[in-house]
Amino acid sequence: MDVSKEIDVEYISMRTDAEALSHQLPALRLQAQQLVKTLNTGTHGRRKAGAGEDFWQFRSYNTQDAASNIDWRQSARQDQLYIRQQELETAETVWFWVDHTMNMAFKSQKHLPFKVEAACILSLATGLLLVKGGENFGAVSKEAKASHGPASFERFAHEIISSPVPFQKLTSLLPVRSKSRFILVSDFLYDRKDLETVFDYITSLGREAVLVHIADPVEITFPFEGRAEFKGLDSSLSVTLNKSEAVREEYLQRFENHRNWLRETASRRDWTYCFHSTSQSAGQTLSTIYFSLQEEKN
Amino acid sequence: MTGFLTGLSFTTPWILLALLTLPLLWWLLKLTPPSPKKISFPALRFLLEIEDKEKSSDAIPLWLLLLRLLLAALVITALAGPVLNKSKIGFTDGPAVILVDNGWTSTQDWPKKEKLVSNLISKFKEADRLVYVIPLAFSEEKIKSAFRPLTPQEMDSALPFLTPLSLAPDRSHLNRLLPEFEKLKSPEFFWISDGVSINANDAEIKAAFDRLAKLGPVTIYSGETETAPHLLLAPIVKTNSLELTVKRVSIQGASTGVIFGRNKSGKILFQEAYTFSESELATNTRVSLPSAIRNDLSLLQIKSARSAGSVFLMDDRWKRKSVGLVASSQQADTPSLLSEQHYLQKAFLPFYDIVQDDLENLVKQSPSFIALGDVAALSARQSSEVEKWVTNGGILIRFAGPKLSNSQSSLLPVTLRQGNRSLDGAMSWGKPASMGPMPENSPFANLQIDPDIKVFRQVLANPSTDLNEKTWALLEDGTPLVTSEQRGNGRLILFHTSATTAWSDLVLSGLFVEMLREISFLGSFSAQSQLSEQTFPALDLLNGLGEFSGSAHTHSLSAMPTPLSLPVDRPYPAGIYGNSIFRYAHNIGDGVKSYSNLSLATYSGQKSGLEEAEEISLKAPVIIGALLLLLIDILATLYLQGRLTGKVLFAQKALLFGLLFTSIFAASTKDLSAEESLNRLLEATLDTRLGYILTQNPAVDEMSKAGLKGISEKLRQRTSIEAATPLPIDIEKNELLFFPLIYWPMTSSFPGLSDKAVTKINKYLKNGGTILFDTRNQISPSVFASAEGQRLSQILDRLDIQRLTQVPPDHVITRAFYLMQAFPGRYQAGEVWIENTENAHGNDGVASVIIGSHDWAAAWATDNAGRPIAAVIPGGNRQREMSYRFGVNLVMYTLAGNYKADQVHVPAILERLGQ
C-alpha cells in the first residue's frame, strides 16, 4: 500500500466530512458574521480610488487627467466632464487553508465546536473582514482563484468548507503568484519534517504565513484519569494506559514543546503564530489574525 | 455460626462442583484485565511517544480479582440452591413410617408435634411416598392391628386417631410390627418421641429402635424433657389430711407447682403448692382437709399442666366412710391397750370417720358400716333392727372374742362351732398360725400378706359347702380368718379372731388397716353388680391432656377381679369407669412405677428438635449478594477507568443504596395481615347481613358468597328482611357479633381454630348468634364419618354447644315463614341436626347451631343475572324453591326467634278475644 492511496482514502473521508460540514454553511456563516460584528476593525479597508476593476466614483475632469479617462456617457448627461475612477485594487492576496483531517473532526464536549468548525469559522470571519476591507482572498484549492468583494465570498466560503486539501498537497497547490499571504488553520499534528517541508516551501516562495493552531481543551489539559484506551482519529492506532493521570505531565510537556516549536518556527520566519482553543472565544483569535494581516500590510 | 452452618444445605449440591473451576477463572481473569474506557484523542502521537516508557501493566488488581471470584462463587452457590434449616427428610424414597408417642407424657408440646406430623405428611405426599402413621399409645385393638398407609384423603385432613391419650406409649408395639416393617421396601422411620419412659425397660426400647435402624434410617424428633408433665400419684389419706406425691421425670433443678382439688362442679376446694428441690425426683406435700370437704373432692389437678398424668380422679374409694363403732360395754377403766375400742379406732381412723354410740342409736343413724366388737348375744330387738339395716345395705363387721365364742348369733356369715381353737398354749402342741394365701374371690386378694402375723386363737366355722366362697382370708392351715356373707343388699363380715392382741397380732399389722380399707370399698357397691357385670363400661374418659373427652364409650374395662388390681400395662385410658351405682376412677398415677428419661442421645438415628426451624431459601439473598457484588464490580471498573468522580459517584452511591434497600424490602416483605377496618365494621353493622366463613378454598368461598347473595335477594323479595350483600368472615380476624346467621361450609382441610377464635365463636353463640354448618357432602355415605364430618366434630368439640337433635316435626324452623318438613339444599334428603333448645333459657329459644350436609349455598347461589349456578340433585324447580324456603325460614327463625312458635296458640287467643 503506497502512501498516495492512503492519502486518497483520507481525502475522501475528509471530503465527506467537509460535505457534512458544508450543510452547516449558513450556520457557520452566521456565526462568522456574528463574530465579525463583535470586532470593530477600526480601519476601513481601502476605500479609495485606485487601480482596480470595480467602479469607485465619478470625479470632475482635471486638466492633468488623460482624455481617455473621461467617461463620456456620464459627461454627456451633464454639462461637465467626468472621469470614471476605479477602486484601488491591491495586488496582495490572502490564501486560506483549513486542515480537514480526521483529527480536526474532534470535540471533547458537546457544547464545544469541532476543531474543524472552529477553524472554518475563523477562516470565514477573517474572510468577511477581508471583504469589508476589499482585500483579495481565496481558498487554497485545485483551481485556486482569488478575488475580492462580497460575491466572491460565497465561492470562498464554499471552497473553505467543502474542498479540503491535504496538508501534504500544499506544496503543489499553493498559488505561486506574487504578493500573497497564507493563513494556515490546523492543529498541526504532523511530523515536524512534513511541517518543515511545507513551511520551507512557503518561505522559498518568499511569502509569509499566519499559523493558526487549533486545539481542543482536552488536548491542552489532558484531564484523563484511570485506565483508558486512547484511540487516534486518523488511524487505528491506540494506546492503553493503566493510569492516565500518570502520563499527564509528560504529555503536557510534549504538547507545550510542539506549541513552542511552532511558535519559534513562525517567529524565525517572521510569521505570525496564534493559538486557539476551541473552548475560548473566537473573537480574540480573529482579531489577532486580522491585525497581524493589517500590521504586515502597513 | 456453627448453628447456621449446620442448618445450611443445598437442593442441588452437585452444582457446587463448579466451584472447582474457580482457579481457572482466576487464571482467565488475570489474563483479561478489565476493559479500559475508550477515548478518542487526536493528539495521540504524543501518547505514542510516551507509551514506550509508561508500560501499561495489564494485570488486574488483586482486590478486583478476588471480588470477581467471590461473585462467581456466589452465583454458583445460588445455583446450587442453598437452603437454611432444610428439613432433613429424604434419606430414601421408600415408605415413611411416622411413630408418634401420643401418650399422656407427650402433651406439653402436642401442638408442635401435631404440626410436625402434618408437615412431614405433606412433605411425603409431595414426594409421593407412602406414609404410615403409628400412634404408640392406643387403646383399641383395631388400631393395634391396622397397619396400612394413609389414604390421600387422610393425608389432607387432620388425623383423628392421632390425639394424645391418657395412656403410656407402648413402644413394644414396634416389635409386633417388625415383620410388617420388614416387608416394606427401604422404609424410613420418624419417631416423634416424648423422651420419657414409663414402667419400661430402657434397654428394650433401645433394642427395638436399633432393630428399626437396621431396616432404614431413623430420625428422632424430641422436645425438651423438662417439659414432661409432673405426675400426680395417688394421694395417701391421713386422718385429717391428704398427702400428695408428685413425681417428675428428671432432675433439672428446683421447680414448683400448685395442686388444685376440685369438686364435681369444678369448684376449687383447695390449692396447695409443692416444690421440688434441686435433686428431688419426687416430692410430697400435705394438705389439711376436713373430712366433709375431702368427701367432696372429685379430682386433683396440677395447675396449668395439660396432661392426664397431672390429673388424679377421686372416686368413692377416696371418700371417707363413716363407721359406727359400738361403744364397748367394758368398764371405762380398762387399760386402753387391752381395749378393742382402742385398736379398732386406730385401724379405722385412716379410712373412716368414726362415730361411737350405742348399737341402737347407730342403726338409727344408718352408717355404711358398723363395727361390732366381741359381744355375746344381741337382744332379739337389737338383732332384728341390725338385720334390717344389713338387708338395706349396711355392712356389719364383727370380731370374735371369748364372748362370741360361747354364744349363738344369727348375725354371722357362717355358723360357728362352740368354743374357740387355741393354737398356742401350755396344753397345746400347735404353734401360732401364720396367714395363708388370700382366696382369689376375696377383695383382699391383692393385699400383701405379712408373714409375721401370728394368730393364737380363733373361732372355727362349721364346715359347709359354701364356706370356701364365704372365706376372704385364711390361715395357713386353711381355716378361715375372715368370712363374709351377702345378706340382702348388705353384708356380714366376721373376723375370726379378736380385735385385741389377745388372740392374734393381726390388729397390730398394717394389713389389718388395708383389709379395713378394702372393706370400705364395699360400702357403696354391691358384690352382686360385680358378679353380674364382667365389664365396666367407660363413663367418662380423660384424653391425654387431662380433660374429659366425653366421647369414649367404646372403651370398657373387661373382667376386673378387683378394681385396684387393674393391670397397668393394659391399655385402658384413664377416666371413670363403672355404672350408675359404682364409679371406678382409673388413674395414671396408680399404675406408674417408674417414670424416667429415655437417654435418646444413645439411640442410633438422627436427632432433631420438635420445632423445625422455618425452611429458608437462601437463593434470593445470595443472588442479591451477587448482584450487589456485580454493582460493586461495575463501580470498581468505572473507578479503574477513572470515571468515578463527583456527581457520578454520588449518583451511583444513591443508586447502590436504592437497590440495596429495594432488595432488602423485596426479600422481607410479607403480606400484611388485613385488620378489621372501620369501613368493614360500619358495613357489617349498618345493615342486616348474612355472613359466611372463609374456608381458604376459593371455590367453596365463591359458592358461599353466591349462595348467600341469592338467599339475601329472596329475603328482600319475599319478606320484610332487607338483607344487604353478605360479608365474608375470616374466623381468626373478623368479628362475628354483627351477623344474625353465619353460614359455615366445612371442608376437610379447614384450618384449626386458635383459642382466640374459639372464645369468639363461643361468645357469639352465647349471645344469640346462629351458625349453619354445612358439610356439603351428602353424596358420601355418612355425614359424620366423612373427612368433613370429622373436621367438623373436631371443631365442634371445642365449642360450647348443647345436645343436638334431629329437627323435630314441630320445630319452629318448620314454620317460621313457610310450612315445610324437609330442608333440601343442593341435595334432597338427609338429616338436619339442630341444637336442642327445649330446656334452654335465653336466646329466645333459638338454636345456636344447625348442622346439615345439603350444600345449601350451592342451591341458593345465583349468578349476576339471577340464574342459578349449581344444579340441584335430583333436580327440579320445586327442590330449589324448597331450598329457598328453608333459607327464608332459617333467617326468619334466627331473627324472629320463637315468636312464630306462639302462633300455634293464635286460634285460642283469638277465641279468647271474642272474635
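Which residues in α22(B) meet which residues in α26(B)? Let's start there and then tour the rest of the model.

## Two crossing helices

Ile711(B), Lys714(B), Leu715(B) and Arg718(B) of α22(B) meet Tyr884(B), Gly887(B), Val888(B) and Val891(B) of α26(B); residues are in contact if their C-beta atoms, placed from the backbone, lie within 7 Å. This is a predicted model, in which local features need pLDDT of at least 70 and side-chain atom pairs count only at pLDDT 80 or more, while totals for chains, interfaces and linings use all residues. Residues are numbered from 1 along each chain as its sequence is written, and chains are lettered from A and ligands numbered from 1 in the order in which they are written.

Helix α22 spans residues 698-718 of chain B and helix α26 residues 877-896; their axes come within 10 Å and cross at roughly 75 degrees. Axes are lines fitted to C-alpha atoms, for helices over the stretch in contact, and angles run from 0 to 180 degrees between N-to-C directions. The two helices are therefore roughly perpendicular (65 to 115 degrees). Helices (H or I, at least four residues) and strands (E, at least two) are DSSP runs, numbered from the N terminus.

## Two helices side by side

Elsewhere in chain B, α8 (residues 173-183) and α9 (residues 202-215) pack at an angle of about 10 degrees, with their axes 10 Å apart. α8(B) and α9(B) are therefore roughly parallel to each other (under 35 degrees). Among the residues making this contact are Leu178(B) and Phe181(B) of α8(B), and Leu212(B) and Leu215(B) of α9(B).

## An open sheet in chain B

Chain B also has an open sheet of 4 strands, in the order β13-β12-β15-β16, with antiparallel pairing. Strands pair if DSSP finds at least two bridges between them. At the edges stand β13 (268-276) and β16 (311-313), each with a single partner strand, so one side of each has no neighbour in the sheet. From one strand to the next, the twist averages 15 degrees.

β12(B), residues 255-263, pairs with β13(B) over 8 bridges. Here Ile259(B) stands opposite Glu272(B).

## Where the chains meet

Now for the two chains together: 28 residues of chain A are in contact with 24 residues of chain B. On the chain A side, β7 (228-231), β8 (238-241) and α9 (248-268) each supply at least two residues.

Ala228(A), for instance, stands opposite Lys37(B).

Technical notes. Parallel < 35°, antiparallel > 145°, perpendicular 65-115°, else oblique.
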